[in-house]
Structures are given as C-alpha cells and as structure tokens.
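Here's a quick walk through one protein chain. Have the structure open while you read.

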Amino acid sequence: MSHSYLNSSRSVKIGARPTRERNTDEQWKILSNGITQIYCKNALQLSFEELYRNAYSMCLQKAGERLYKGTQTLISEFLEKAVAQNVVPAFPHNATPSQSKAHVFLNQVKSLWDDHIVCLGMIRDILMYLDRTYVKSANLPTVYEMGLETFRNVVLQSVQYQVKSHIITTLLYQIQLERDGQMIDRMLLKNIIDMLLTLPASSTSSSRTIATVYHADFERAFLQTSQTFYSRESEVLLKECDAIQFLKRVEKRLNEEDIRTKHYIHASTRPKIQSIFEKELLENNIKTILEMDSGLVPIVANDRFEDLQRIYSLFSRVPNGHVELRFGLSNIIKQSNTSRPSNTNMPSETNPLSPILWVEAMISLKDKYDTMLDACFARDKTFQNDINSSLETCINLNIKCPEFLSLFIDENLRKGIKGKLDDEIEKFLEKSVCFFRFIREKDVFERYYNQHLAKRLLYGRSVSHDTEKNMISKLKVECGHQFISKLEGMFKDMHVSNDLTHGFKDYMASVSVCETKTPDLSIYVLTNTFWPVTVPPAMMACYLPPSLAITVDHFQKYYMTLHSGRQLTWLKHMGTADLKAQFTTCKKELNVSTYAMVILLTLFNSLEVNEPIGYQRIMNETEIPSGDLARTLQSLSLGKYRILLKSTKTKSIGLDDTFVVNAAFTSPLSKIKIQTVAASTVAGSTTHTGLDPTSLATSSTAANSVETEFERVKTMEQVAQDRKHQIEACIVRVMKSRKSMRHNELVAMVISQLSLRFSPDPLVIKTRIEELFEREYLERDTENRQLYHYVA
C-alpha cells in the first residue's frame, strides 16, 4: 500500500495554514467586542449567530479555558466600572438614611442587577457550547453561575466599597421604618431581596448548591435586629398597655410580619421570625399577661369571650401557652365557690332558699364555661377536661353539696316545674344529672334523695310522677341499678298502697259490725328496706282516738287476709288528717299532722269552752314524745292559725302551760293548713334522729330545709356505717374472683370499684380487711404478710 501511494502520479498542493493562536485571537476579539457591546446595551447591532460560531470554533480549538476566563474578566471589568460610576455615589452617608436617599441607592443596585441579568442571559446563549464541553469537563460553574458569582464578588463583596454592608443596612432600616408605621417601597425591597436569594453565598459547581447571600448574610442580620426590636417592644408594651391592649398589639404585629413575608421576605424566614416574635412577645410574658389586674380574672368574670378567644389563639403559638392558660382558668373556677362576697343568698342553715340559689349558681357557672368552651376554646378536649375537673373541685369544696343538690331537685319537682313545657323539664333534668356527675360523695346524695323523694311521695308533693321516674332513669344510667333500687321500690309501694286503699274501702263497705261511722283512711304500706324510716319505741306508744283505732284494727285484719305472716308497724308520727271544726261563728276544715289530730280529738273534742288542759295531762293521755308534743302544741297555739290558746305569752312550751280551745277563731279561709314547727326551733327538744323519726313527720306541711349540724353528724355517721358494709362487700367480691392478692393491689382495686359512689379512705379499707381476717373471710400468707388469700 505504501508503495502505490508513493508512486501515484497525482500531485496534492497544501497551502500554508494560519496559526491557531492567530485564529483564536481573532475569534476572541470578535467575542470580547460582542460582550462589550452587550453590556453597553448595543446588542441589536450584533450577529448572535456569528458570535455563537466563534465561541463554538474556539471550543473546538481547545481554547475553552481562554474563552471562559476572558469572559469572566470582561464581566468583572464592566461591573467594577458600573459600581464605581453608579452605585458608590448613591451610598447612604449614615445608617439611617432618608427615604429618598435609600430609594436612590437601592434603585441603583436594582438597575445594575437587572442589566447584569439581561446581559448574562445573552452571554449564556452565545457560550452555550462552552457550557456543554469545557465547563462540564472541567467541573466549573456554568457561564450563568459564573456571572452570578462574579456579581457577588465584584459588587457585593467588594473590599473597597462594601456594597453588601450598605445594602443590608439599608434594607433593615427600611423594614424598621415599616414597623414604625411608615410607608416604604415594598416592590423595591422585594427586588433587592430576590437578588440576594439568587446570588450564591460561595462558589458553586454543577453538582451541588450553596446557600444564598440572603440566608448567609441578610437573614441572620434580619433575625438578630428583629429579636432586639421585639424584646424592646415587649418591655414598652408591658409598661404602657393592659393585658388586652398588649395582646391586640401582638396580634397586629403578627399580622404585619405575615404580610411582610408575603410581600418581600422569603417564605423560609417565616417560621424563624415567628419563633423570635412568639418568644419575645408571648412566651416570655405568659404569666405576666395572665396575672395582670386586667388579665385573665376580669376577662373571665366579665364574660369577654372575644378577648379570651384571642388569648387562646395567640397562646397556642407557644409551647406552654395553653398549659398556663388552663392552669389560670382552673384556679379561677376553683375559687368561684369561696370568693363570692357573703350575703343572705349564700348557703346557710337559717336560709332555706340558699341551697337552691347555690345550686343554680353552680349550674349557671357550668353553663358559662360550656359556652366559653365552644366560643373561645374550639371544644378543646384538654380545656374541657381541666374545666370539668376544676368544677368538680369547686362544687365539692362545699361539703353539703350532695344535700344541696337533693334540695334543689326536691324544690323543682315539688313546684318548680309546674307549668313548664316538656323541653324545659328535660333541660332541668339534664342539668341536674350533669351537676350530679361532679359530686364525689354520691352515696350521701343517694341518702338525701331517698329522704326527699319519700316526703314528696307520702305527702303528695310531687308535680309529676312521670318526671320523677324520668329522673330516676337518668340516675340509673349514671350509677347503675343498685343505686336506684330503693327509689324504684318506693314507687312500687305507692302503686300497691293505692290498690290496698281501694280494696280496704270495699272491705269496710261490706263489714256490718261497725255501729258508728268510721273515718276514711288512706294507707301507705312501706317496705322497710326501701324507705328511710325507723321508729323509736317511744313514737309507737301514741294512743289513737277510739274511732280511728277501730279503723286501724280493721285494716290490720284486711291486710293479714292478703299477706299472712307479715308484720305492720304503724308510723304514728307521720301522716296528716282532715278535721271539720265548729267554732263559735264559723265552720272550718283543718289539715293537721297525725299528732295534732290525736291531741284535738282525744282532749279538746268534748270539753266545755274555756276549760284548760295542762301540758302534763296532754302528754299522759296521748303518750306523744315530749319533743314532738312541744312542736305540735307550738303549731296549734303559736302559729299563724291559733286553734288553741296558751296560758303564757312565751314562744316556748313549758311544763306548767295550759291550753284551751280558741272558740272565737276566725279566718277568711274555709280550708286551713296548719304547718308543723320544725324540730330545730323547739327549745329543749331531744328528738334528733335525722330524717328517720322526725324529718318525714315534721315536713308533712313544711318545705325541706338544710340539716342542722347535729343532724348532719348523725347522717354522716349512718353513711359511714353503710360505707363499711359496702367496702367489706367489695373486698370479699374482689378476693373471691382473684383468690389471692397483695395488699396494695387489693386497696387500689377497691378504690377503683367504689369510686363511682364515694372515695374510700385507704385506712378505712385496711381496717375492714383486718375485720374480715377476724371473721375468717380472708387469711394472710404464711410467708408474705402483704399477700392475702380468700377463704372459701
């Protein structure tokens, strides 16, 4: 092959080639001139196609490095000249320049930046092939990135002129002016900040991105100055503003920062500036705001729900905001029961209306915080739990709250719901049950409720039996069947007693042995385990008038024909009687207690007018206990309607007092109800057995009232006795199912199971465990004295 090539007759002429250096010099000259014309804004006179070919040719001739660095030098020279001619003369002379000077300076920077970006875009297009070849292989920033870095190095980081420092200072001062309420050119600030966001903080490469000048320099300074500003702002506001004004200013500042972020501050700065804002204005001042004289207490007291909602919203931004708010709210609720000024409407033993007013106040308090929960706290569960817990504490600070609630329900079921619509009655029942949930000693409430219900049923005081049963069904839902078993038993007895009364009337109509007319008798047969009634022997000794005694004997015989083997105990201290009385000028129908009926029919029915009878004779012939006798005589001789006249003018009953019939008695009423004096008002009365012997009887005409301290002690003694049995039953029930348990586990289990009724004392539980050891229900483990075993 080589020989044929040498022997070829063809001749090839090769001209002299120009040197590479000369070609690249010419090409660079064309390109440098084009770049200069672009920066001189003469781009329309250029042929971009020709410029691109020259750049392409230089890359092919391995002159990419020369092209890249030459372009960088040209850009640097132009920027240096532009900074010196346009930007430096516009520098502000101090850190607080006027608006016009700041505007001129920032506009010059913006103009230089805008021109540079436009020119850089054209240069990037011309040197596109350079980016694809040399730049990529050398792992250098692209031409566009290099232009940005050049702008950063020559303009912003110029050691000679310190442009960046002036820009940041001017921006921060403009923001300060806006915070002070002045108008600024937000669009101009946005353009400058966008420039800082575009410029990298350090050298970049094609493989990674470096933080921008905005984040590295401006944001840091912005956050620092903002922290200083809001720290100072916080101190000023605390001195000048009350709590609500402070929060309104905070809310205003918060909105301003949000608007600022939307207009020119980058979104990435928003959480950082909010954190500083919230810490300086809110988190550091939470307790101070809440404890101000104009803070949480007056806001809650005056139902300023809008302000409270503002507190809730703002405090949600800080970690402990809601915790402190809930704590403050809880303290206010807990003090609601004790912080009210003392007046005649507050609970007292001498004011029978005070329990009703107290319960109504507590229900209103609950309604208030329910409304607050909806309007201010968005039904926040944590707030709901704390409010309910605090209301429970507040209500139970009154040790008589179970009795007061029972009196409140009693008052309404006797007359309060009369004439109300079904929806109103249902609302009353729901609120009563809601109040009941907060009571810790539910067994105490059960005892009082049994007593009050017994009075309503026996004396026909209940407005509606359907409402009574509805209330019982709601209590059953809350506490189970065992809680209301006695209440249901009472209603059953009332139903059975109505049938017995009708049956007895038919029985008496068929009896021919009665020579004289007997009084009509309505009887209530009460199951001993259901009704809160016990009778001392002294009360059973009362003598009944002969006509009534005959009727009682007939009922006894009639009842035994239906229920053989049962024993009836007649509660002579209870009940009422309707008597027809003939006075000198009028006839009246008197409604009196059973004791008053016995006194009037036995001693004063057949006497001559003005024939006196002594106290001792009345006691001997009636056998009524002294305390009840004194109260009954008081009601007949010292009350509003004086059927008898007493020999002395004192308000108490003495052993030497005598009584006569008030034959001249007159009254505009044809039917007169003589109320029995309450036990606590009788001097020297010794009949104090809580409800059991006297309470039902003395309330045959009088409304229920708060127990005296002596009566309450007796009631709580009976409650304590009942609790002992319940605790023992619970211990045996648990041990029977578990067979063996440690002491602490057993105590915890018993407390858990009984907590729905009351809160048992661990010491009482321990005492009952010891009692069960003695009765051989339980035994200790031979090796571990803390381990108990159930004895089958």
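Predicted model: local features only at pLDDT ≥ 70, side-chain atom pairs only at ≥ 80, totals over all residues.

The average pLDDT comes to 85, and 89% of the residues reach at least 70. Two stretches are a different story. Residues 1-22 have a pLDDT below 50, and the model gives this stretch three contacts beyond near neighbours in sequence. Residues 681-702 stay under 50 too, yet the model has 68 contacts for them beyond four places in sequence.

Now to the inside. The largest nonpolar core holds 84 residues, and Phe315, Tyr369 and Phe377 have the most contacts inside it. Helix α17 (residues 354-376) is its top contributor, giving 10 residues. Which residues does Tyr369 touch, leaving out those up to four places away in sequence? They are Val300, Leu329, Ile332, Ile333, Ile387 and Leu391. There's also a second, separate core of 68 residues, with Cys59, Leu112, Tyr173 and Tyr214 among them.

Further along sits an open sheet of three strands, ordered β3-β5-β4 with antiparallel pairing. The strands and their residues are these:

| Strand | Residues |
|---|---|
| β3 | 613-614 |
| β4 | 644-646 |
| β5 | 658-661 |

β3 and β4 are the edge strands, each pairing on one side only. Two bridges tie β3 to β5, and Gly614 has Thr658 of β5 as its bridge partner. Helix α28 (residues 626-637) packs on the sheet and touches β4 and β5, with its direction at about 105 degrees to that of β4.

Terms used
Residues numbered from 1 in each chain as written. Heavy atoms only, no water. Pairing = 2+ DSSP bridges. Helix = DSSP H or I, 4+ residues; strand = E, 2+ residues; numbered from the N terminus. Contact = heavy atoms within 4.5 Å. Axes fitted to C-alpha atoms, helices over the stretch in contact; angles between N-to-C directions. pLDDT = per-residue confidence, 0-100. Core = buried A, V, L, I, M, F, W, Y, C linked by side-chain atoms within 4.5 Å. Buried < 20%, exposed > 50% of the residue type's maximum accessible area, 1.4 Å probe, protein only.
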